[in-house]
Amino acid sequence: RNSVQIQAQEMIDRQIVQLSRLVDDLLEVSRISTGRIRLRMQRVDFREIVHLAVETIRPQAGGKGQSVEMSLPDRPLWVNGDSVRLEQVVVNLLNNAVKYTQRGGDIRVTVQAQEGEAVLRVCDNGMGIAPETLPHIFDLFTQADRSLDRAQGGLGIGLALVQSLVALHRGRIEVRSVLEQGSEFIVRLPI
């Protein structure tokens, strides 16, 4: 095979992965909105979930020359949750950080116990979110920058899904952002 064929195959493979993620996210949103989602709740160490999620996106960030710093507590941080769904929350937040942070940018992930809650912060120094978009960022099909998001294969589903999954775990999520200075997503779950 020549280099053009190899490049074409790599592009097709990437698009298949993206399409598969989009379909999975749409199915998840549908299951949540119709009340058909089943959570497998158990006592889980939130540090382990975050660590696995960071390792999942590390190759993607590395491909863009981004650094990913992680700070976790020394001791277990127990929450009642579905480990697969919680990892999905963290991976979605990290995917957005990678997507909206320029080549060579920085992403920081911290977890700590604070006032009876496990607090996850995902910070980046990327493009940030426009003030007019910020109040709607968790709405289904909202996109921070349509041209960039479409180029990356997004439909504006990920953050709506994240918010729904966090709420199903009796938690809450908030965002802080300044355009051109990055974003910080904060997830709080009861310990």
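From the N terminus, the elements of the protein chain follow the order α-β-α-β-β-α-β-β-α-α-β-β. That comes to 5 helices and 7 strands. The model is a predicted one. Of the 191 residues in the protein chain, 43% are buried.

- Take the contacts in the protein chain between residues at least 6 apart in sequence: 70% of them join residues at least 24 apart.
- The protein chain has an accessible surface of about 10500 Å². Carbon and sulfur atoms account for 51% of that surface.

**Nonpolar core**
- In soluble globular proteins, nonpolar side chains tend to be buried together.
- The largest nonpolar core here has 39 residues. Phe46, Val50, Leu93, Leu94, Leu120 and Phe185 touch the most other members.
- Two or more residues come from each of α2 (46-63), α3 (83-99), β4 (106-114), β5, α5 (158-168), β6 (172-178) and β7.
- The top contributor to this core is α3, with 8 residues.
- Leucine 94 is one of the core residues that touch the most other members. Its contacts, leaving aside neighbours within four places in sequence, are Ala53, Val54, Ile57, Ile107, Val109 and Val122.

**Aromatic pair**
- The structure holds 1 aromatic pair.
- The ring centres of phenylalanine 138 and phenylalanine 185 are 6.2 Å apart, and their planes stand at 85 degrees, so the pair is edge-to-face. The cut-off for that label is over 60 degrees.

**Charge over a ring**
- Arginine 43 places its charged end over the ring of tryptophan 78. The distance to the ring centre is 4.1 Å.

**Lysine 64**
- Lysine 64 is found in the loop between α2 and β2 (67-71).
- Its relative accessible area is 21%, so lysine 64 counts as partly exposed. Buried would need a value under 20%.
- Lysine 64 touches Val98, Lys99, Thr101, Arg103 and Gly104, if residues up to four places away in sequence are not counted.
- From lysine 64 to glycine 104 is 40 residues in sequence, yet 6.4 Å in space, C-alpha to C-alpha.

Conventions:
Residues numbered from 1 in each chain as written. Predicted model: local features only at pLDDT ≥ 70, side-chain atom pairs only at ≥ 80, totals over all residues. Heavy atoms only, no water. Phe/Tyr/Trp six-rings, centres within 6.5 Å; stacked < 30°, edge-to-face > 60°. Lys NZ or Arg CZ within 6 Å of the ring centre and 35° of its normal. Core = buried A, V, L, I, M, F, W, Y, C linked by side-chain atoms within 4.5 Å. Buried < 20%, exposed > 50% of the residue type's maximum accessible area, 1.4 Å probe, protein only. Helix = DSSP H or I, 4+ residues; strand = E, 2+ residues; numbered from the N terminus. Contact = heavy atoms within 4.5 Å. Areas by Shrake-Rupley, 256 points an atom, 1.4 Å probe, with all protein chains shown as cover.
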